[in-house]
Amino acid sequence: MNTSTAVTTEQNNIKPADVVVRGSASGFLQEVVSGKHHLRADAPASAGRSDAGPGPYDYLLIALGVCTSMTVGLYARRKQWSLENITVSLWHSRIHAKDCEECETKEGMLDRIEVEVDLTGSLTPEQHAKLMEIAAKCPVHRTFTSEINIQLRAAPKSTAS
């Protein structure tokens with residue numbers, strides 16, 4: 001975010017954005033700024049694109065995987081358990097709702113995220129079970145499984161003329 005935008009935002013008592021994404025209308029490549037971090041996003045090669053960065057669903061999986069790993073690691077450190085490494089593998093797919101026994105929705109398609117957590121270290125079976133329970137309680141997991149209110153609005157300078 002440039003300085004003039006930050007000043008204008010602060011003067012209007014609006015919090016600066018946590019993440020800013022910019023892209024050209026001519027393609028899919030996006031530049032992402034999150035604080036001091038600069039990332040890229042793109043559509044995958046399988047969609048005939050340049051694949052110059054992770055795609056939108058990849059970033060969803062990244063958020064969940066990182067949060068899961070951090071949450072499990074923090075819990076194990078607090079308990080001083082002998083957890084050495086955490087590997088979180090994730091998959092996204094679309095499934096028919098009727099094929100999901102545990103889902104409330106029974107019509108149409110649903111998004112499914114599969115998460116596999118591999119914990120290494122000298123853990124008792126009870127410690128391992130507790131860490132798996134904690135994995136499902138990471139803040140991003142809770143966000144994905146709760147009601148989400150997304151408020152979309154046009155930026156003041158982008159209104160049609």
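In helix 3 (residues 125-135), the residues Gln127, Leu131, Ile134 and Ala135 are buried, meaning under 20% relative accessible area with a 1.4 Å probe on protein chains only, where exposed is over 50% and partly exposed is in between. These four sit on the same side of helix 3 because they cover an arc of only 105 degrees around the axis, taken from the directions from the helix axis to the C-beta atoms. An α-helix has 3.6 residues a turn, so residues three or four places apart point the same way. The face turned away from the buried side carries the exposed Pro125 and Glu126. Helices (H or I, at least four residues) and strands (E, at least two) are DSSP runs, numbered from the N terminus.

All this comes from a predicted model, where local features need pLDDT of at least 70, side-chain atom pairs count only at pLDDT 80 or more, and totals for chains, interfaces and linings use all residues. Residues are numbered from 1 along each chain as its sequence is written, and side-chain values use heavy atoms, with hydrogens and water left out.

So what covers the buried residues of helix 3? The cover includes helix 2 (56-79), strand 4 (83-96), strand 5 (109-121) and helix 4 (139-144), with contact meaning heavy atoms within 4.5 Å.

As for aromatics, a search of the whole structure turns up one pair. Rings of Phe, Tyr and Trp (its six-membered ring) pair if their centres lie within 6.5 Å; planes under 30 degrees apart count as stacked, over 60 as edge-to-face and the rest as tilted. Tryptophan 81 is partly exposed, at 21% relative accessible area.
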